[in-house]
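Please read them alongside the sequence and the coordinates.

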Amino acid sequence: MSQVRNRIDKGSLGIVSKFLTLWILLAMAAGIIIGAAYPQVAKILDAVRIEQVSLPIAIGLIWMMYPPLAGVKYEELYKMKQQGKALSVSIVQNWVIGPVLMFALAWIFLPDLPEYRIGLIIIGLARCIAMVLVWNQLAGGDNELCAVLVAVNSIFQVALYSVLAYLFVTVLSAWIGGTGAGAVVDISIWEVAKAVFIYLGIPFIAGIITRSVLVKKRGKDWYDNVFMKKLGPTALIGLLFTIIVMFSLKGEYILKLPMDVFRIAVPLLIYFILMFSISFFMSYRLGFSYDKSTTLAFTAASNNFELAIAVAVAVFGIDSGVAFAAVVGPLIEVPVMLGLVHVARRVSVMWFDQKGLSINRKITADVTGNLNIKEE
């Protein structure tokens, strides 16, 4: 069986992933119904928070991220030092193309709704450090490269998020719409660092400890083929739990403001599809294999909605339009990313050979992983 097909098979998580579209739709529907029918549930769930995010959501996010991070072969990450090209491409996709595209779409589709517009811009600046691990695993991407890109995005978010938020939300928005269009966003580097540590650092450390201890005790073969086969599917259970809780918090508003949801959804839908398409095609044309192209595309197209929600709530308040737009983000992102998983699998057959290499290019790799590309 081919290398790329093996990777895709490893990304499959049995019956849970086979009917994942159905489970996600049911989870979204359940959350909305619970939130609309029992508004008091939202108050209970939101009573305890971690960095402005509901405790149940925080638990779900950490739970969702832990299995993929526990499955990363950390002992092989030294090989990533040869992947400077992939890291450079990812930085351009995530920190230049992504924020600029979302900023443009926010102004094109929401020029008259400043709070929703700011919400979209904040989402665009929050590069993915969470759910991309799940989408990448399902699509058969490169888990080790994904872990490295997630780490790079985390560092960039700590260093640049507050600066970029001021640039896009305050300065550039004022240039386009006048002084009234710009909002002063007071986001400290420390606030971003705390959010990144909670939602990435905790499961990341837990994943490293789990693999290190159990591999030493039981061996790699048992860990990869027995333990991870049992632990892996729980990531999607965590995802479904998070979706139910998240949509129950805003279920009442989603049903009361369907046109607002629609207006927020349109630019988000366009953004996710465009970002994935641009990033995947860009990676493909640069000669990356299927697993790396997939990882680069999902990393660029996904967003860190937990950080966006935390920032929106902390700066503008839980009842603001900014927070509402941030919550609508995953409502669109989750089903779209799931659909793109199927698109990636289809593209793996159409654009790549049995080894996962581009069918339009002759690519040879030396033992260090460096690529020499020649046009056929």
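**Notes on the predicted model**

1. Isoleucine 202 is found in helix H10; helices here are DSSP runs of H or I with at least four residues, strands are runs of E with at least two, and both are numbered from the N terminus. With a relative accessible area of 36%, isoleucine 202 is partly exposed, a class lying between buried (under 20%) and exposed (over 50%), with a 1.4 Å probe and protein chains only.

2. On the basis of the numbers: this is a predicted model, in which local features need pLDDT of at least 70 and side-chain atom pairs count only at pLDDT 80 or more, while totals for chains, interfaces and linings use all residues. Residues are numbered from 1 along each chain as its sequence is written, and side-chain values use heavy atoms, with hydrogens and water left out.

3. Overall content. The protein chain has 16 helices and 4 strands. Of its 376 residues, 53% are buried. Taking contacts (heavy atoms within 4.5 Å) between residues at least 6 apart in sequence, 81% join residues at least 24 apart. The chain exposes about 16000 Å², of which carbon and sulfur atoms supply 67%; accessible areas come from the Shrake-Rupley method with a 1.4 Å probe, and for residues only the protein chains shown count as cover.

4. Surface patch. Isoleucine 202 belongs to a nonpolar patch on the surface with Phe197, Ile205, Ile209 and Val213, and together these residues have about 430 Å² of accessible area. Patches are made of residues with over 30% relative accessible area and no salt bridge; like charges are joined within 9 Å, and nonpolar side chains (Val, Leu, Ile, Met, Phe, Trp, Tyr) within 5 Å.

5. How many salt bridges does a search of the whole structure find? The search finds 3, a salt bridge being a side-chain nitrogen of Lys or Arg within 4 Å of a carboxyl oxygen of Asp or Glu.

6. Aspartate 112 and arginine 263 form one of them, with the closest N and O atoms 2.9 Å apart. The pair links distant parts of the chain, 151 residues apart: aspartate 112 is in the loop between helix H6 (84–109) and helix H7 (114–125), and arginine 263 is in helix H13 (residues 258–285). Aspartate 112 counts as partly exposed because its relative accessibility is 48%. Arginine 263 is also partly exposed, at 28%.

7. Another salt bridge joins the side chains of aspartate 142 and lysine 292, at 3.3 Å from N to O. Aspartate 142 sits in the loop between helix H8 (132–139) and helix H9 (143–177), and lysine 292 in helix H14 (residues 290–301), so the pair ties together parts 150 residues apart in sequence. Are these two residues buried or exposed? Both aspartate 142 and lysine 292 are buried.

8. Arginine 211 forms a salt bridge with aspartate 224, the closest N and O atoms being 3.1 Å apart. Arginine 211 is in helix H10 (residues 189–218) and aspartate 224 in helix H11 (residues 220–231), so this pair ties together parts 13 residues apart in sequence. Arginine 211 is buried, at 2% relative accessibility, whereas aspartate 224, at 24%, is partly exposed.

9. Helix H9 holds threonine 170 and serine 173. Threonine 170 counts as buried because its relative accessibility is 12%. Its C-alpha atom is separated by 9.6 Å from that of isoleucine 118, 52 residues away along the chain. Serine 173 is buried, at 2% relative accessibility, and its side chain reaches the backbone oxygen of valine 169 at 3.4 Å.

Notes: Polar contact = N/O pair within 3.5 Å; in protein donor to acceptor, adjacent residues only side chain to side chain.
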